Amino acid sequence: MSINEIQDEIIEEFSSFDDWMDKYQLLIDLGNEQEPLDEKYKTGSNLIDGCQSRVWLQADYVDKKIRFSAESDALIVKGIVALLIRVLSGHTPQEILDADLYFIEAIGLKEHLSPTRSNGLLAMVRQMRMYALAFQAKEQ
């Protein structure tokens, strides 16, 4: 499935809820469904700068595709990172770098997050793109 097809799927899932409390609950559920991050990856080097809550992001390069795993100590943030992983994990560095993450705005996430959470979201996206850049550079 392409990055855009996954984003469209997420937009569809969120569009079935009108109330933002329901959307927050969906985010929390998504975060809770996510596999816990192995303790060995909860290191300072995997901690994302710019997030108010603690978020650890691990990236592995397997068969020319990046596999992300992450965890957060905040429920909604855990759901946000679960969405980002769903969209970007399993794709090539170039696909990740070229991705327009339009689902963030389409589901209303941008306007319903506090400024600190919005900064954290941007920091997570930036870190995922940095991993893509690093893995792409190793290929060349």
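**Terms and their grounds**

Reply: The model is a predicted one. Its protein chain has seven helices and two strands, which follow one another along the sequence as α-α-β-β-α-α-α-α-α.

Me: How do you know whether the radius of gyration of the protein chain agrees with that of a compact globule?

Reply: The globule rule is 2.2 Å times the number of residues to the power 0.38. For 140 residues this gives a value near 14 Å, and the protein chain has 14 Å, so the two agree. Along the principal axes, the C-alpha atoms fill a box of roughly 45 × 30 × 25 Å. Of the contacts with a separation of 6 or more, 65% are between residues 24 or more positions apart. The accessible surface comes to about 7600 Å², with 50% of it belonging to carbon and sulfur atoms.

Me: Why is valine 55 called buried?

Reply: A residue is called buried when its relative accessible area is under 20%. Valine 55 has 0%, and is therefore buried. In the protein chain, 47% of the 140 residues count as buried.

Me: What makes a residue a contact of valine 55, and which residues are in contact with it beyond its neighbours within four places in sequence?

Reply: Contact requires heavy atoms within 4.5 Å. Valine 55, which lies in strand β1 (residues 55-62), is in contact on this basis with Asn46, Leu47, Ile48, Glu71, Ser72, Val77, Val81 and Met124. As for serine 2, valine 55 is 53 residues from it in sequence and 26 Å from it in space, C-alpha to C-alpha.

Me: What makes the space lined by Cys51, Gln52 and Ser53, among others, a cavity?

Reply: A cavity is a set of points where a 1.4 Å probe fits but cannot get out. The structure holds one cavity of 30 Å³ or more, and the largest cavity has a volume of about 40 Å³.

Me: How do you know which residues line the largest cavity?

Reply: A lining residue has an atom within 4 Å of a point of the cavity. Those of the largest cavity are Cys51, Gln52, Ser53, Val77, Thr116, Arg117, Gly120, Leu121 and Met124. Helix α7 (residues 115-139) gives the most to this lining, with five residues. Val77 and Met124, both in the lining, are also among the contacts of valine 55.

Me: How is the lining of the largest cavity divided by class?

Reply: The lining has four nonpolar, four polar and one charged residues.

Methods: Residues are numbered from 1 along each chain as its sequence is written. This is a predicted model: local features need pLDDT of at least 70, side-chain atom pairs count only at pLDDT 80 or more; totals for chains, interfaces and linings use all residues. Side-chain values use heavy atoms; hydrogens and water are left out. On a 1 Å grid over the protein atoms alone, a cavity is a set of points where a 1.4 Å probe fits but cannot get out, and a pocket is an open set with protein on both sides within 12 Å along at least five of seven lines; lining residues have an atom within 4 Å of a point. Grid points are joined across faces, edges and corners, and a volume is the space filled by probe spheres set on the points. Helices (H or I, at least four residues) and strands (E, at least two) are DSSP runs, numbered from the N terminus. Ala, Val, Leu, Ile, Met, Phe, Trp, Tyr, Cys and Pro count as nonpolar, Asp, Glu, Lys and Arg as charged, and the others, Gly among them, as polar. Buried means under 20% relative accessible area, exposed over 50%, partly exposed in between (1.4 Å probe, protein chains only). Accessible areas come from the Shrake-Rupley method with a 1.4 Å probe; for residues, only the protein chains shown count as cover.
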